[in-house]
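User: Hi! I am new to protein structures and would like to learn how to read one. Could you guide me through it?

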Amino acid sequence: MPKLFITTLCFFILISCQQEQKPVLTTTSSTQHKAPTLLKDAYNVGFLVMDGTFNTELTAPFDIFQHTRFRESVKPMNTFTVAQSKNIITTFEGLRLQPDYDFTNAPRIDILVIPSAEHHLDSDLDNIEVINWIKQTGSAATYITSHCDGAFMLAQAGLLDHVVSTTFPSDVHKMRERFPNLDIRENVWFVHDGKVITSAGGARSFEAAMYLCDVLYGPDVTNDLAGGLVLEYNLADYPHLIINQEKEN
């Protein structure tokens, strides 16, 4: 009798354990990631992301540009991220991001945005695949923008050879040393020369992004975009430099 009881008890314990097992949760792989829906008749804005990308230089212009979708009677912007591969990247501040596209399947890019990343002053400059992609994509784009040390990547790709530019304030001297033939300005929040807009980065990335909206949509729409993010857009109050909006690189 005790043997039968023990056998029955073990049977019910086994059944109970099987019923309580829960499926193992897995993270979404890069092949399962769904790319964003792209609106027709819109500017395609591609943000280059890589390990060590700084949050503010990425999210500030992304916020400004993405909110154009909620404004009537303007050509909106499709905002998306592009990386060397679709592997998850980790920003400098620890935010994990799944890129929307890699270099092989990214759509046509009208506005190329290069946020700053941790190694844009050293090892990233030796990444030939990334530099070539920036050069090819930037050459075909209508506008090229960089924030903070993203300007180093544009310079390495040869996209600043004939334009005035700026970068993170404390890195101006480093950029001048590495690229002695470039005209790099300081004490400005952003510089617009031809189709290239470079900014000092940080919170100043907001003003540079709003300025591009001013160029594309005018000050009224730009002020509306700014208000939606509890910001103000007052171009006259910003230390900036506009060289030649019509010049081609």
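This is a predicted model: local features need pLDDT of at least 70, side-chain atom pairs count only at pLDDT 80 or more; totals for chains, interfaces and linings use all residues.

User: How many helices and strands does the protein have?

Analyst: Helices (H or I, at least four residues) and strands (E, at least two) are DSSP runs, numbered from the N terminus. Here there are seven helices and 12 strands.

User: What share of the residues is buried?

Analyst: Buried means under 20% relative accessible area, exposed over 50% and partly exposed in between, using a 1.4 Å probe and protein chains only. Of the 249 residues in this protein, 46% are buried.

User: How do strands sit beside each other? Which strands pair with strand 6?

Analyst: Two strands pair if DSSP finds at least two bridges between them. Strand 6 (residues 111–114) pairs in the parallel sense with strand 1 (residues 43–48) over three bridges, and Val45 stands opposite Ile111. Strand 6 also pairs with strand 7 (residues 143–147) in the parallel sense, over four bridges, with Leu112 opposite Ile144. Between strand 6 and strand 7 the chain passes through helix 3 (residues 128–140), making a right-handed β-α-β crossover. Right-handed means that, with the strands pointing away from the viewer, the path from the first strand over the helix to the second runs clockwise.

User: Are the faces of strand 6 covered or open?

Analyst: Both faces are covered: Ile111 and Val113 are buried on one side, and Leu112 and Ile114 on the other.

User: What is a nonpolar core, and which residues touch the most other members of the largest one?

Analyst: A nonpolar core is a set of buried Ala, Val, Leu, Ile, Met, Phe, Trp, Tyr and Cys residues joined through side-chain atoms within 4.5 Å. The largest here has 31 residues, and Leu48, Trp133, Ile134, Leu154, Leu160 and Met175 touch the most other members. Helix 4 gives the most to this core, with five residues. Apart from this core lies another of 27 residues, among them Val45, Val49, Val74 and Leu225.

User: Which residues of helix 7 are buried?

Analyst: In helix 7 (residues 219–228), they are Thr222, Leu225 and Ala226. Seen down the helix axis, the buried residues of helix 7 fall within an arc of 100°, so they line one face; that arc is taken from the directions from the helix axis to the C-beta atoms. Helix 2 (55–66) and helix 6 (204–217) are included in what covers them.

User: What is Ala83 in contact with?

Analyst: Contact means heavy atoms within 4.5 Å. Leaving aside neighbours within four places in sequence, Ala83 is in contact with Val49, Pro99, Tyr101, Asp102 and Phe103. Ala83 is found in strand 2 (residues 77–83) and counts as buried because its relative accessibility is 3%.

User: Is Asp193 buried or exposed?

Analyst: Asp193 is buried, with a relative accessible area of 0%, and lies in strand 10 (residues 190–193). A polar atom of the Asp193 side chain lies 2.7 Å from the backbone nitrogen of Val164.

Note on methods
Residues are numbered from 1 along each chain as its sequence is written. Side-chain values use heavy atoms; hydrogens and water are left out. A polar contact is a pair of N or O atoms within 3.5 Å; within protein, one must be able to donate a hydrogen and the other to accept it, and residues adjacent in sequence count only if both atoms are side-chain atoms.
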